[in-house]
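Biologist: I would like to learn how to read a structure like this one, feature by feature. Could you take me through it slowly?

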Amino acid sequence: MDRWAGKVAVVTGASSGIGAATAKSLAKAGMTVVGLARRVERVEELKKELPSSVQGSLHAVKCDVSKEDDILKTFKWIEQKFGGVDVLINNAGILRDCSLVEADTQKVREVLDTNVMGLVLCSREAFQSMKKRSVDGHIVHINSIAGHQVPNFPRLNIYPASKHAVTAITETMRQELKAEGTKIKVTSISPGGVRTEIIPEEFLTAEMPMLESEDIAEAVLYVVGTPPHVQVHELTIKPVGEMF
């Protein structure tokens with residue numbers, strides 16, 4: 001991670017779970033971290049969990065990635081404040097409880113707007129920042145094993161489809177980044193079950209193997225910390241004993 005010291009990392013969905021753990025880990029690793037979230041006060045609270053020497057490296061910004069105007073304003077602010085983006089962690093993701101056959105239109109739209117469009121638009125803005133400054137940056141998508149298969153869990157509705165889209169987007173971006181003549185990397189990290197707020201309560205209380213958010217944050221540090229000639233395209237992480 002030495003080559004990223006002092007560089008700027010943007011983490012979406014940084015208020016809890018994987019995003020919060022990742023924001024803290026990147027700050028501890030020496031990066032200037034901009035944590036985006038709708039609940040921005042929770043990102044501010046994360047500073048108290050950091051050593052005093054790095055608390056100033058974490059910056060909380062209110063941003064709803066399902067809204068393009070929010071994304072554009074936020075990335076413009078980051079450019080004005082820090083010069084641009086070097087690493088983007090697309091972590092923001094939601095799950096809405098409903099079935100497809102009786103779908104609530106608004107709930108389905110919210111999932112797609114956050115999990116797919118938010119990821120695409122944040123990646124676009126990060127890429128433009130990297131290209132403008134000739135930076136060989138890194139874009140990391142927090143995907144899911146649901147992006148490679150459809151778990152037989154009730155009421156996941158459009159969520160697996162949104163994560164399958166992330167799998168396809170990752171490869172599309174890899175091809176486009178190469179065609180652009182850049183050495184910008186893109187990586188998909190696909191965890192199994194992780195103990196976070198997105199998981200329905202019945203799964204958390206069941207005796208089901210789970211990863212912790214910090215496990216995924218460590219994976220982010222690994223892929224971002226690889227040498228410039230190494231690109232981890234897909235990293236799948238499952239808890240021991242997972243049933244799917």
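Predicted model: local features only at pLDDT ≥ 70, side-chain atom pairs only at ≥ 80, totals over all residues.

Modeller: Let us begin with the names, where helices (H or I, at least four residues) and strands (E, at least two) are DSSP runs, numbered from the N terminus.

Biologist: What is the phi of Ser 134, and is Ser 134 buried or exposed?

Modeller: As a general idea, most residues other than glycine have a negative phi. Ser 134 has a positive phi, near 55°, and is not a glycine; with a relative accessibility of 66%, Ser 134 counts as exposed, because the cut-off for that word is over 50%. Asn 157, in the loop between E5 and H5, likewise has a positive phi, about 40°, without being a glycine, but at 12% relative accessibility Asn 157 counts as buried. A glycine with a positive phi is found just after H5, where Gly 181 takes a value of about 80°.

Biologist: Which strands does E5 pair with, and over how many bridges?

Modeller: E4 and E5 run parallel and are joined by four bridges, with Val 87 standing opposite His 138 of E5. E5 and E6 also pair in the parallel sense, over five bridges, and in E6 it is Ile 189 that is the bridge partner of Ile 142.

Biologist: Is E5 mostly enclosed or open, and which way do its residues point?

Modeller: Five of the five residues of E5 are buried, so E5 is largely enclosed by the rest of the structure. His 138, Val 140 and Ile 142 point one way from the strand, while Ile 139 and His 141 point the other way, and all of them are buried.

Biologist: How do I describe two helices that pack together?

Modeller: Two packed helices are described by the angle between their axes and the distance between the axes. For H4 (residues 105-132) and H5 (residues 159-179), the axes come within 9 Å and cross at roughly 15°. That makes H4 roughly parallel to H5, and their crossing is right-handed. Among the residues that meet are Val 111, Leu 112 and Phe 127 in H4, and Tyr 159, Ile 169 and Leu 177 in H5.

Biologist: What covers the buried residues of H5, and what length does the helix reach?

Modeller: The buried residues of H5, including Pro 160, Val 166 and Met 173, are covered by elements that include H4, E5 and E6. H5 has 21 residues and reaches 30 Å from its first C-alpha to its last, close to the 30 Å expected at 1.5 Å a residue.

Biologist: At what angle do H1 and H7 pack, and which residues make the contact?

Modeller: H1 and H7 pack at an angle of about 50°, with their axes 8 Å apart. That makes H1 oblique to H7, and H1 passes H7 in a right-handed crossing. The contact is made by residues including Gly 17, Ala 21 and Leu 26 of H1 and Ser 213, Ala 217 and Leu 221 of H7.

Biologist: What span should H7 have, and what do its buried residues pack against?

Modeller: At 1.5 Å a residue, the 12 residues of H7 (residues 213-224) should span 16 Å, and the end C-alpha atoms are 17 Å apart, which agrees. Buried residues of H7 include Ile 216, Val 220 and Val 224, and the buried residues pack against H1 (17-28) and the strands E4 (87-90), E5 (138-142), E6 (185-191) and E7 (234-237).

Biologist: Where is Val 194, and is Val 194 buried or exposed?

Modeller: Val 194 has its place in the loop between E6 and H6 (201-205), and Val 194 is buried, with a relative accessible area of 6%.

Definitions and conventions
Residues numbered from 1 in each chain as written. Heavy atoms only, no water. Expected span 1.5 Å × (residues − 1). Buried < 20%, exposed > 50% of the residue type's maximum accessible area, 1.4 Å probe, protein only. Contact = heavy atoms within 4.5 Å. Pairing = 2+ DSSP bridges. Axes fitted to C-alpha atoms, helices over the stretch in contact; angles between N-to-C directions. Parallel < 35°, antiparallel > 145°, perpendicular 65-115°, else oblique. Left-handed = near helix turned anticlockwise from the far one by under 90°.
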